[in-house]
Amino acid sequence: MNVLALITQGDAVTGLVTALLMAMSVASWVVIVWKAWLLRRASGDVARSTAVFWQSSALEDAQQKVAAFDREALVLPLIAATGLQAPGTLAAAGARSQQLTRLLRDALHAVLHRLQYGQVLLATVGSTAPFVGLLGTVWGIYHALVGIAAAGQITIDKVSGPVGEALIMTAAGLAVAIPAVLAYNIFGRNISRIEADLEGFAYDLRELMVATGEVGHQFSDGPPLGKLAPLSSERGSAPPEAREATSVGASSS
């Protein structure tokens, strides 16, 4: 008997477990193929987009050039976030450097949420599929033993057949879980690398906006920026290494 025969001749629990494993397998493979394509494009796009940004002569020119490389819209939201304003609200209160920190953080979180999409599904499939298959195995062995006992005669051929067919469910659970776990680990490493690149770009972009004090530039999806606060006004929000470097420079002078 094959797997199809096991499904058709099994009871409702066996059919439900088999259908659940098939659904988990299809869903995980769809996510695996899609995320492999997405992260492959994203890794190259982020590197090219950040490189062309820093080679541009002006912010407006940089946005136009980045748009040609950023096919997954991972870098453009960070650039566009620096042009957003909400006059008359608490969001516009405080130093411009603090506003930039908040805007870039929100944009970065939105971008990373897109990159993380599907990871929960892979983790869930990888951790639960073996137990789902084990449930089908236990249930199948139970019914096999009940059938053998009802027959009144126990021989090795009557035991090995039904029990072996029930053990297929365990193998099916592992076959569903292993690709999901491998993909989750590989994608997690790639996402972490892209996340580090985006975080570094967001920090450098914020420091550029604060240090240069750009006024009046405008992006296609945001109003003109207000006057930026000087870099010294935001020393408290910089990373520890940046504050340490500033303190050493001040003491040496």
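**A surface patch and aromatic pairs in a predicted model**

Leu174, Ile178, Leu182 and Ile186 make a nonpolar surface patch of about 370 Å², where patch residues have over 30% relative accessible area and no salt bridge, and nonpolar side chains are joined within 5 Å. Of these residues, Ile186 lies in helix H7 (residues 156–212), and it counts as partly exposed because its relative accessibility is 43% (buried means under 20% relative accessible area, exposed over 50%, partly exposed in between, with a 1.4 Å probe and protein chains only).

This is a predicted model, in which local features need pLDDT of at least 70 and side-chain atom pairs count only at pLDDT 80 or more, while totals for chains, interfaces and linings use all residues. Residues are numbered from 1 along each chain as its sequence is written, and side-chain values use heavy atoms, without hydrogens and water. The mean pLDDT (the predictor's confidence in each residue, from 0 to 100) is 77 for the protein, and 71% of its residues reach 70 or more.

Five aromatic pairs are counted, the rule being that rings of Phe, Tyr and Trp (its six-membered ring) pair if their centres lie within 6.5 Å, with planes under 30 degrees apart stacked, over 60 edge-to-face and the rest tilted. Trp34 and Tyr117 are edge-to-face, because their ring centres are 6.0 Å apart and their planes stand at 85 degrees; Trp34 belongs to helix H2, whereas Tyr117 sits in the loop between helix H5 (96–116) and helix H6 (119–151), 83 residues apart.

Phe53 and Phe201 are both buried, and ring pairs link Phe53, Trp54 and Phe201 into a cluster.

Methods:
Patches are made of residues with over 30% relative accessible area and no salt bridge: like charges are joined within 9 Å, nonpolar side chains (Val, Leu, Ile, Met, Phe, Trp, Tyr) within 5 Å. Accessible areas come from the Shrake-Rupley method with a 1.4 Å probe; for residues, only the protein chains shown count as cover. A salt bridge is a side-chain nitrogen of Lys or Arg within 4 Å of a carboxyl oxygen of Asp or Glu. Helices (H or I, at least four residues) and strands (E, at least two) are DSSP runs, numbered from the N terminus.
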